[in-house]
Amino acid sequence: MMNYQFPKGFWWGSAASGPQTEGVFDGDGKAQNIWDFWYEEKPEKFFNEVGPDKTSRFYKKYQEDIQLMKETGHNSFRTSIQWSRLIPNPETGAVNPKAVDFYNDVIDGLLANGIEPFFNLYHFDMPMTMQEKGGWLNKEVVDQYVYYAKTCFELFGDRVKKWFTHNEPIVPVEGGYLYGWHYPDEVNLKHGVQVAYHEALASAKAIEVYHGMHLDGEIGIVLNLTPTYPRNEQNEADVKAARLVDGLFNRSFLDPAVKGYFPADIINWVKENDLMPITTPEELKIIAENTVDLLGVNYYQPRRVKSKETPIENTGNSILPEDFYDVYDMPGKKMNPYRGWEIYEKGIYDTLMNLKENYGNVRCYISENGMGVEGEERFVNETGMIEDDYRIEFVTDHLKWVHQAIQEGSNVQGYHMWTCMDNWSWLNAYKNRYGFIAVDLEQEGKRTIKKSGYWFNELTKNNGFD
Ligand code: BGP
């Protein structure tokens, strides 16, 4: 018995996504997605001008990678299917046979090695043909997505038993319609709200289709839940600001996904600010009736907020959430010195306990948690291995809190690290490395297990640690 022993059958592994790892971005019948397009248009936006053509080459190296997953103790692994690879032309709906072969091989390879495949359908990668129609702004795209989801279930649902409709659906809203990290790079909160609504609707419709197919598996959504703390718990205005931020960035997706309806305070806020999306009673009924079986929780860092010093006047579409709160830079907070994000381990526990207390203890797992590090080469030892003790410490400290949550009755069933192989991360490209396996881009993506990879193997073999 270890000091921190996890329940039998706990899922250990890592998460990744198709667009961040596969490569062959314009080959074997794959069509362009928004990243391929944006990189072609504005390469200067990407860190060191490295784009989606330079991934860790999972498309070519998946067999080697699956062996490495085995060596590092995975019993499960999440990736995403690329819509633009599987159905290059959503207008005709024709399936790309090379994509089917590839995903079949990945699934079979994982299963043959005792690794359960968790598949996500949408990880920020809108096909360009769909973006030209407005992307998530357009209801027609929602229906095309549902067709794509159904196709995936039909093709792979006999073996893939864990499905997710989206990864972090708030991020395309923030990135694409507020802060410029995603195409179409607009500043338009009204559009952002409509996009959020359509993503939630698409998720519910895909869940409805999946359940209707009786495939003997589970389906859910992966959300980045960011616990939001007020500067001062006793200060009413700070608490109110934190509640709003929690509503906008967490509950806006969590409530419809788990409870089937949008939070009343956020609906009011959206109305007050003239941001109401176009909805229909039939769609709201679909959302109400198709909640998740399983929730993925991505946790990296908390949010700390305080009330707005000078509240703004409503200026219409161009308002930003930040017009209603200020970021609180808490003195003495612990920072990741290599990435600039706060490290607050207890946030993972607070999130799990919130799910237990306020969301019916929904079945969940930690679907991403990890530590990004810039300039990791400086930690290479004489044998060529990266000694990432900081990552081991980061994961250990978070797992202690996950363990604590389990002791207190949380329904958390697993822990996936972000990520296995260092991968390409959107505009940040390879700036922050997260893997427990290093990828050398200069040497055709050569893989070298880091110290944390060996450690992770021990952890999962023991199903816990001392
Ligand atoms: C998560 C995303 C991942 C990945 C990770 C690291 O939010 O789900 O796709 O990008 O963040 O992000 P970054 O490289 O910006 O540190």
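User: In this predicted model, where does Glu444 lie?

Analyst: Glu444 lies in the loop between β15 (437-440) and β16 (446-449).

User: Why is Glu444 called exposed?

Analyst: Glu444 has 10 other C-beta atoms within 10 Å. A residue counts as exposed at 12 or fewer. Therefore Glu444 is exposed.

User: What makes the phi of Glu444 worth a remark?

Analyst: The phi of Glu444 is positive, about 50°, although Glu444 is not a glycine. Most residues other than glycine have a negative phi.

User: Which phi does Ala429 have, and where is its place?

Analyst: Ala429 has a positive phi of about 45°, and it is not a glycine either. Its place is in the loop between β13 and β14.

User: Why does Ala429 count as buried?

Analyst: Ala429 has 21 C-beta neighbours inside 10 Å. The cut-off for buried is 20 or more. So Ala429 counts as buried.

User: Where is Thr419, and what is the form of the peptide bond from Trp418 to Thr419?

Analyst: Thr419 lies in the loop between β13 (412-417) and β14 (432-433). The bond from Trp418 to Thr419 is cis, with omega near 5°. Most peptide bonds are trans.

User: What is the omega of the peptide bond from Tyr183 to Pro184, and where does Pro184 lie?

Analyst: Omega is near 15°, and the bond from Tyr183 to Pro184 is cis. Pro184 lies in the loop between α8 and α9.

User: Which residues of helix α8 are buried?

Analyst: Helix α8 spans residues 170-179, and its buried residues are Ile170, Pro172, Val173, Gly175, Gly176 and Tyr177. What covers them includes α9 (189-213), β6 (218-224) and α10 (236-258). Just after α8, Gly180 takes a positive phi of about 75°.

User: Which residue does UniProt list for "active site"?

Analyst: The unreviewed UniProt entry lists Glu368. In the model, Glu368 is found in strand β11 (residues 364-368).

User: Is Glu368 buried or exposed, and why?

Analyst: Glu368 has 23 other C-beta atoms within 10 Å. Buried requires 20 or more. So Glu368 is buried.

User: What does Glu368 touch?

Analyst: Leaving out residues up to four places away in sequence, Glu368 touches Ala15, Asn298, His416 and Trp418.

User: Which residues come nearest to the ligand?

Analyst: Of the 13 residues around the ligand, Glu168, Gly372, Ser425, Asn428 and Asn432 come nearest. The shell divides into two nonpolar, nine polar and two charged residues.

User: What makes a barrel here, and in which order do the strands run?

Analyst: Eight strands close into a barrel, in the order β2-β3-β4-β5-β6-β8-β11-β13, with parallel pairing. The twist averages 30° from one strand to the next.

User: How do you know that β3 and β4 pair?

Analyst: Pairing takes at least two bridges. Five bridges join β3 (residues 76-80) to β4 (residues 116-120), so the two strands pair. They run parallel. The bridge partner of Ser80 in β4 is Asn120.

User: How many bridges join β5 to β4, and how many join β5 to β6?

Analyst: Three bridges join β4 to β5, and four join β5 to β6. Both pairs run parallel. Asn120 has Phe164 as its bridge partner in β5. Asn167 stands opposite Val222 in β6.

User: Why is strand β5 called largely enclosed?

Analyst: Six of the six residues of β5 (residues 162-167) are buried, so the strand is largely enclosed by the rest of the structure.

Methods
Residues numbered from 1 in each chain as written. Predicted model: local features only at pLDDT ≥ 70, side-chain atom pairs only at ≥ 80, totals over all residues. Contact = placed C-beta atoms within 7 Å. Near = placed C-beta within 6 Å. Nonpolar A, V, L, I, M, F, W, Y, C, P; charged D, E, K, R; others polar. UniProt positions renumbered as here; feature names shortened; annotations may be inferred. Axes fitted to C-alpha atoms, helices over the stretch in contact; angles between N-to-C directions.
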